[in-house]
Amino acid sequence: MSYSTRKKTSTDNANCVQSRTDRRNTLMSGHRACQGCGEALAARCVLDAAYNATNGNIVVVNATGCLEVFSCVYPENAWNIPWLHSLFANAPSVASGVASAMRVSGKTKIRVIAQGGDGATTDIGMGALSGMFDRNDDVLYVCYDNQAYMNTGVQRSSSTPPLARTATTLPIGSYMGNDAKTGKNLPKIAIAHNIPYVATASIAHLFDLEQKVATAIGIRGSRYIHVHVPCPLGWGIQPSDTIKIARLAVDCGLFPLFEAKDGVVRTSFTISNIVPVEEYLKPQRRFAHLFGKNAAPNVIAHMQKLADENIKEYQLMGENTHG
Amino acid sequence: MDNNCPFATVLSATTSPRNKTGSWRTMCPRYINLMPPCNAVCPTGENVQRWLSFARSGNFRQAWNVIVQNNPFPAIMGRICYHTCEKVCNRSHFDEAVSINILERAVGDMAISHGWKFENVVPATGKKVLVVGSGPSGLAAAYFLRKFGHEVEIKEARALTGGMMRYGVPRFRLPGSIIDAEIRRITDLGVKISCNSRVSDLGSEINKFDAIYVCIGASKAIKPDMEVKSGSSVIDAVDLFKKLTNEQSHSVKFEKNVIVYGGGNTAIDAARMALRLGAEKVNIVYRKTLSSMPAHETEIHEALSEGIKILCLRTIRVIDHREVLIDKMNYDEESGILSKSGEEETLIADSVILAVGQFMDDSVVRNIEGIVVTDGGIIETDEYMMTGAKGIFAGGDATSTKRTATVAIAHGKKGAQYIDAYLNGKEVEQKSKPDVINFKKLNTSYYFSSPRLTLPPISSISMEERTIALTGDEIVTEASRCFSCGNCHHCNNCYVYCPENAIQKLLDGSLKVNHDYCKGCGICAVECPCGAIKMMPEK
Ligand SMILES: Cc1cc2nc3c(=O)[nH]c(=O)nc-3n(C[C@H](O)[C@H](O)[C@H](O)COP(=O)(O)OP(=O)(O)OC[C@H]3O[C@@H](n4cnc5c(N)ncnc54)[C@H](O)[C@@H]3O)c2cc1C
Ligand SMILES: Cc1ncc(C[n+]2csc(CCOP(=O)(O)OP(=O)(O)O)c2C)c(N)n1
Ligand code: SF4
Ligand code: SF4
Ligand SMILES: [Mg+2]
């Protein structure tokens with residue numbers, strides 16, 4: 001099967017909601033995210049796009065995690081939209097409840113969004129999320145994947161990439177960090193639920209991200225968007241390089257961008273210049289041991305293989321035109 | 001349980017801006033302006049990036065206005081300038097340089113067809129300046145002097161204006177109508193040009209004018225060291241071109257075989273001209289190697305594509321009617337040592353055109369007290385372009401060994417500034433120039449490879465100029481290839497990527513950092529495609 005593909009164009013950023021002076025700034029200045037936080041940026045972009053697409057008719061439910069902690073530290077609140085937080089594990093269930101409430105009170109114009117980190121999504125909230133998908137509840141769930149439990153000090157999650165160093169996967173001696181064969185691929189799990197819409201997105205490709213949010217918000221039923229968001233602190237990168245690293249993750253193939261509808265991948269975002277995985281891994285301290293003198297042979301080759309498999313599976317090199 | 005215990009904690013929305021995260025900052029982004037390389041190398045100092053930015057927005061008139069702030073000859077330059085700007089264009093490290101020269105021609109031609117005029121001159125100063133010579137240098141000087149409000153008169157020895165642009169550069173590269181149109185704009189400013197008015201007594205002129213700009217060019221052919229038997233058909237390239245300009249092309253015809261001697265642009269032009277005047281086989285004979293030829297690469301390329309052959313490492317010893325006796329040479333590029341190899345050969349030529357360089361006819365300045373002509377045959381000037389004689393300035397080919405029209409125009413512009421300062425008893429303000437921005441400082445992730453605009457290949461060898469007809473869209477597309485190196489081009493990247501909403505977009509589209517919230521992460525500086533944001537330590 002071949003997917004229709006989309007390529008980035010030079011006017012992408014100029015045409016996005018984020019470039020408008022009347023964007024909502026759903027997440028306001030004064031939040032306490034670290035310098036260069038990819039999650040803070042992504043959340044504003046996703047919710048601004050949803051706000052724009054619904055003329056402001058959104059309600060957001062947030063799981064515990066950095067995104068919640070840095071945005072509502074007593075006595076301040078950075079949200080510029082209706083927003084509620086309950087627990088680490090239950091954002092999908094709370095959102096399902098809010099969606100039901102909107103339905104029974106006839107406020108069907110109001111769209112419900114749930115959001116959380118990768119820990120909340122792929123680990124502790126996984127059961128609630130799977131249930132929400134299974135019931136096809138009318139919620140858009142957005143996962144901001146910074147690939148570890150950042151809020152509590154960079155512990156491994158099931159979305160932590162192979163061979164990465166976290167506080168709980170410290171490379172010591174011949175141990176090369178996170179196990180190369182574990183982990184969950186949540187977009188695939190979501191697709192397996194046959195929900196109407198699943199997409200991956202990156203903050204390095206804002207226009208694409210916004211388009212996906214706009215598409216998702218226009219569909220009824222359960223939808224899922226998985227956004228790749230570098231974390232300067234947890235990944236050991238310069239705060240200034242957040243976008244650059246996000247771009248490299250896409251450009252090397254390790255984070256493929258695609259869209260699936262009704263259980264089938266339909267669109268992928270092609271890469272104009274595929275770069276070797278080293279370019280993505282090397283600037284990150286969490287992968288430094290892969291380049292050190294104790295590095296096991298083939299670690300890079302293993303990562304490259306994962307990227308190559310993605311490139312093949314999602315036809316990232318395809319020169320197909322938009323269709 | 002206490003009944004008053006709230007079900008949930010409610011924090012008022014939108015209260016976070018109370019928290020001024022700007023206090024976290026140790027580095028602060030600053031919008032800067034750096035010098036793009038094209039602008040840095042342009043002898044006339046054209047603000048290429050700026051006029052390209054107007055062209056990309058379809059405002060061709062404004063683009064033209066920006067060009068003529070530094071160079072009054074866009075249509076001429078768009079044809080004959082050797083465009084060093086394109087050689088240094090940062091885009092060439094990405095795909096291909098922006099076609100600046102073709103765009104300049106397109107904008108210049110548009111100005112001619114629409115009859116665009118220079119903006120009005122400032123009030124008259126009452127000062128009078130004489131310009132000796134109406135080549136590009138003299139014309140440019142007159143234009144800028146006039147813009148300063150001075151009265152200008154140009155005296156020209158020849159029958160027609162334009163100097164070597166008219167009497168050198170062949171018409172198939174630069175039509176006379178283009179020269180006329182661009183000079184007319186200068187005379188429309190009130191500059192008086194008298195042709196057939198050779199200045200022979202500079203000393204008496206200085207009493208009639210407040211200052212003089214001498215730009216008499218270098219029009220005398222250098223005679224190479226060789227033996228020419230009488231009766232051989234030998235002509236100097238500059239004389240050939242002069243003849244063609246004065247008497248029209250049909251007055252000169254060449255037989256089958258022509259040899260052109262020399263390696264500069266004049267030699268190339270002479271060879272191409274010979275081909276257009278009846279010659280079937282044209283060989284350029286040059287003493288050094290192809291790579292050391294002073295002629296411009298694109299000119300060499302065009303000559304070769306017309307079938308002209310370049311015979312390198314050869315000098316002519318004797319021309320005896322149709323026989324040309326050649327010494328073969330050795331040339332060591334590193335040491336620059338040129339020596340005879342001992343081998344000889346004889347070539348056949350019906351005519352030989354000599355194009356080994358020109359020198360200045362210094363008779364007009366020879367007897368003026370204070371003016372010094374160097375051993376290299378150029379007029380000596382100080383850092384303000386003034387000769388040893390007070391109030392007499394000089395420029396163009398007469399003072400420079402870099403003999404191009406572009407440099408001559410640059411001298412005209414600078415000379416005018418110095419003369420203006422002299423007349424006002426002031427010094428020219430030396431503006432400090434920003435650093436030049438190199439390719440490494442750009443973030444090219446936001447650009448996509450696209451081929452540059454090129455001229456159509458030469459389809460026929462003709463006396464007519466190769467025409468190009470660009471649509472407005474084509475101009476816009478090519479102009480959009482400019483990376484805007486070192487200067488904000490309002491792509492919005494900093495505004496969209498700031499996680500703190502700390503970049504403000506003002507009504508006029510300009511951007512400002514909100515220091516209350518900027519945490520100093522530096523994302524904006526990294527993602528700026530133009531390198532127009534710099535992180536500076538916070539005080
Ligand atoms: C064949 C040829 C092709 C060329 N092609 C190019 C090209 O493609 N691109 C490029 O950039 N450059 C080119 N050049 C070089 C360029 O033409 C010159 O560098 C430029 O014209 C020099 O300008 P100028 O004003 O200093 O002198 P000139 O153009 O030589 O003008 C000097 C003027 O002063 C007049 N004059 C001299 N003495 C007196 C006097 N006593 N009284 C009054 N008037 C006097 C002369 O008649 C002449 O009109 C070419 C040159 C030649 C010969
Ligand atoms: C039941 C429960 N267990 C543990 C925690 C502590 N906790 C809060 S956030 C968090 C990790 C969040 O990780 P993730 O969802 O990836 O979000 P991030 O902070 O990385 O954005 C943890 C372990 C909690 N709040 N509740
Ligand atoms: S991206 Fe925003 S927070 Fe970061 S340095 Fe720029 S203005 Fe400051
Ligand atoms: S990022 Fe864009 S808008 Fe910002 S300074 Fe650079 S070019 Fe200008
Ligand atoms: Mg996380």
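Me: Let's start with the fold of chain B. Among contacts between residues at least 6 apart in sequence, what share joins residues at least 24 apart?
Reply: Happy to begin there. In chain B, 73% of the contacts between residues at least 6 apart in sequence join residues at least 24 apart. Bear in mind throughout that this is a predicted model.

Me: How many helices and strands does chain B have, and what box do its C-alpha atoms fill?
Reply: Chain B has 18 helices and 20 strands. Along the principal axes, its C-alpha atoms fill a box of roughly 125 × 55 × 45 Å. Of the 539 residues in chain B, 54% are buried.

Me: Can we take single residues next? Where is B:Ser99 found, and which residues does it touch beyond four places in sequence?
Reply: B:Ser99 is in the loop between α5 (84-88) and α6 (100-114) of chain B. Leaving out residues up to four places away, B:Ser99 touches B:Glu86, B:Arg452, B:Leu453, B:Glu478 and B:Arg481.

Me: Why does B:Ser99 count as buried?
Reply: The test is a relative accessible area under 20%. B:Ser99 counts as buried because its relative accessibility is 1%.

Me: Let me try a strand residue. Is B:Thr315 buried or exposed, and what does it touch?
Reply: B:Thr315 lies in strand β12 (residues 314-320) of chain B. With 12% relative accessibility, B:Thr315 counts as buried. Apart from residues up to four places away in sequence, B:Thr315 touches B:Tyr261, B:Arg287, B:Leu325, B:Ile326, B:Asp327 and B:Met329.

Me: How do I set separation along the chain beside separation in space?
Reply: Take two pairs. B:Thr315 and B:Tyr384 are 69 residues apart along the chain, and their C-alpha atoms are separated by 40 Å. A:Tyr280 and A:Cys252 are 28 residues apart in sequence, with 7.0 Å from C-alpha to C-alpha.

Me: What surrounds A:Tyr280?
Reply: A:Tyr280 sits in helix α10 (residues 277-281) of chain A and counts as buried, at 3% relative accessibility. Beyond four places in sequence, its contacts include A:Gln147, A:Trp235, A:Leu248, A:Cys252 and A:Arg286. A:His228 is also in contact with A:Tyr280, and the side chains of these two make a polar contact (3.5 Å).

Me: A:Gln147 is on that list. What is its phi value?
Reply: Here is the general idea: most residues other than glycine have a negative phi. Phi of A:Gln147 is near 65°, a positive value. A:Gln147 is in the loop between β5 (139-145) and α6 (186-192) of chain A, and at 9% relative accessibility it counts as buried.

Me: How do I read a metal site? Which residues coordinate the magnesium ion (ligand 5)?
Reply: Look at the donor atoms and their spacing along the chain. The magnesium ion (ligand 5) is coordinated by A:Asp118 (OD), A:Asn146 (OD1) and A:Ala148 (O), at 1.9 to 2.1 Å. These donors follow the spacing D-x27-N-x1-A. Both A:Asn146 and A:Ala148 are buried.

Me: And peptide bonds? Which form does the one from A:Tyr74 to A:Pro75 take, cis or trans?
Reply: As a rule, most peptide bonds are trans. The bond from A:Tyr74 to A:Pro75 is cis, with omega near 5°. A:Pro75 is found in the loop between α2 (66-69) and β3 (83-85) of chain A.

Me: Now the interface. How many residues are in contact, and how much area do the chains bury?
Reply: Contacts link 34 residues of chain B with 44 residues of chain A. The two chains bury about 3300 Å² between them, 53% of it on carbon and sulfur atoms. B:Leu11, B:Tyr497 and B:Asn501 supply 19% of the area that chain B buries against chain A, more than any other three residues.

Me: Where is B:Asn501 found?
Reply: B:Asn501 is in the loop between α17 and β18 (503-505) of chain B. Its phi is near 55°, again a positive value in a residue other than glycine, and B:Asn501 is buried, with a relative accessible area of 10%.

Me: How many salt bridges and polar contacts cross the interface?
Reply: There is 1 salt bridge between chain B and chain A. B:Glu527 forms a salt bridge with A:Arg247, with the closest N and O atoms 2.8 Å apart. The polar contacts come to 27 residue pairs. On the side of chain B that touches chain A, α17(B) gives the most, with 4 residues. That side divides into 16 nonpolar, 13 polar and 5 charged residues.

Definitions and conventions. Residues numbered from 1 in each chain as written. Chains lettered and ligands numbered in written order. Predicted model: local features only at pLDDT ≥ 70, side-chain atom pairs only at ≥ 80, totals over all residues. Heavy atoms only, no water. Contact = heavy atoms within 4.5 Å. Buried area = accessible area lost by both parts, 1.4 Å probe. Salt bridge = Lys/Arg side-chain N within 4 Å of Asp/Glu carboxyl O. Polar contact = N/O pair within 3.5 Å; in protein donor to acceptor, adjacent residues only side chain to side chain. Helix = DSSP H or I, 4+ residues; strand = E, 2+ residues; numbered from the N terminus. Nonpolar A, V, L, I, M, F, W, Y, C, P; charged D, E, K, R; others polar. Donors = N, O, S within 2.8 Å, 3.2 Å for Na, K, Ca; no water. Buried < 20%, exposed > 50% of the residue type's maximum accessible area, 1.4 Å probe, protein only.
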